[in-house]
Amino acid sequence: MRSFLKSYKSSLILLASILIGGIIGMILGPKAAVVEPLGTLFINLMFMIIVPLVFFSVSSAIANMSGMKRLGKIMGSTFLIFTLTAITAAVIGIIGALLVNPTKGLDVSAFSTLMAQAGEEAPKAEQVTFLGQLVKTFTVSDFSMLFSKNNMLQLIVFSILLGISTALVGEKGKPLAKLLSSGSAVMMKIVEIIMYYAPIGLSAYFASVIGQLGTQILQGYLRVFMLYLGLSVIYYFGFFTLYAFIAGGKDGIFSFWRNSVAPSVTALATCSSAACIPVNLEYSKRMGVPDDIAETVIPLGANTHKDGSVFGGVMKIVFIFGIFGRSMSDPGTLLGILAVSFLVGAVMGAIPNGGMIGEMLILSVYGFPPAVLPIIAVISTIIDAPATLLNSTGNTVCSMMVTRLVEGRLVGARHLTSDKWKAMKAKKSEA
């Protein structure tokens, strides 16, 4: 029980603060808007750090890849598998959201009124050609424009190019790689410090939201949570089994499910993909994954491959589209949601409540007002545990598929008991 409380401490505190804020909002009604500045302070602090945080985290992750055992074939296979599984998750999430609209029945006009009172306007879609939208989405005309949260995707493109270039120049790039890595650690520490204020900020803002909108938004959150749980069950049992079959047929399914309990329990207990890396490394090797593939795929996946976060990205986009009355019927919008959800899964931190980064990316890409951040931040909190389960355990089955592409087959650990597996590893180490 003590370990459970320790692992879920931050999530429980945030949930409690949001609940308290909701109760205050219901009691005070519109008068609760008086505490909104306390929530706005938290929003501004988060947006203040988002540009340097994304720049350092993305560029440093790529720039420091050269120091790990990464063969071209392993990296190419890893990228392919990560991309295909993330796109699959996004498609499933979009289908689920279209079938079960979590904002159905909500009074969307109330949200527009709330944003107007906050000095914001509900975003309107611009009429831009497809190619023009591509140019606008991924590039800017001046370097200084990268230092704006409104150009987040463009910043990510630049960060990727910088990271790749730093890795390619070899020894000359190592000082910059170390600087980027140090900068990433410092930015994450700043986020950690700001998050100490999150319970107060989110509680105050949520009190204001509930006070002005009533309890109808809670119905939307319940629908999102139930939809997410349903999709998680389907993906965890159905698609993970399919991926294991692709990796090794019936033996692959047996090896995966025989060794998936520990990684899954660890994910649920810690709500942190990063904390699951040691366990995932051990059990992916028991699933028949060679050492060099496991030691490449698992750490990289903890930071860049998160199918559960892709689901969450879809839920958040659909939720804010719904409350602002924006249509999702045209193919272009659906493809955009798919692409942004994919990016959300790639940029989110491998830490508890790391979804805040993805939420700010969503707001920046679609031009939603910063005041929306606390509204979708609640979604990250309520789906944290199942999202981490899909994020973390999904990397183990992905390492199996990468092994299939690189080696042509799994090593084959189906018949080994835990003791025999340890004895085999010890004998291999002695040799």
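This is a predicted model: local features need pLDDT of at least 70, side-chain atom pairs count only at pLDDT 80 or more; totals for chains, interfaces and linings use all residues.
Residues are numbered from 1 along each chain as its sequence is written, and side-chain values use heavy atoms, with hydrogens and water left out.

Let's start with the whole chain. We have 19 helices and 0 strands; those are DSSP runs, H or I of at least four residues for helices and E of at least two for strands, numbered from the N terminus. Of the 431 residues, 52% are buried, and buried here is under 20% relative accessible area, exposed is over 50%, and partly exposed is in between, with a 1.4 Å probe and protein chains only. The accessible surface comes to about 19,500 Å², and carbon and sulfur atoms own 69% of that; areas are Shrake-Rupley with a 1.4 Å probe, and for residues only the protein chains shown count as cover.

Now helix 18, residues 384–407. Its 24 residues reach 35 Å from first C-alpha to last, close to the 34 Å expected at 1.5 Å a residue, the expected span being 1.5 Å times one less than the number of residues. There's a kink in helix 18, though, of about 30 degrees, centred on Asn 395; the bend is the angle between axes fitted to the seven residues ending at a residue and the seven starting there. Helix 18 is mostly covered, with 21 of its 24 residues buried.

Over to helix 2, residues 9–28, where Leu 19 sits. Leu 19 is exposed, at 56% relative accessibility. Together with Ile 20, Ile 23, Ile 24, Met 26, Ile 27 and Leu 28, Leu 19 makes a nonpolar surface patch of about 670 Å². Patch residues have over 30% relative accessible area and no salt bridge; nonpolar side chains (Val, Leu, Ile, Met, Phe, Trp, Tyr) are joined within 5 Å, like charges within 9 Å.

And how many salt bridges are there? The count is 2, taking a side-chain nitrogen of Lys or Arg within 4 Å of a carboxyl oxygen of Asp or Glu. Glu 171 pairs with Lys 174 at 2.9 Å; Glu 171 is exposed at 59%, while Lys 174 is partly exposed at 42%. Arg 286 meets Glu 282 at 2.6 Å, N to O. Those two are 4 residues apart in helix 12, so about one helical turn separates Arg 286 from Glu 282. Arg 286 is buried at 8%, and Glu 282 is partly exposed at 31%.
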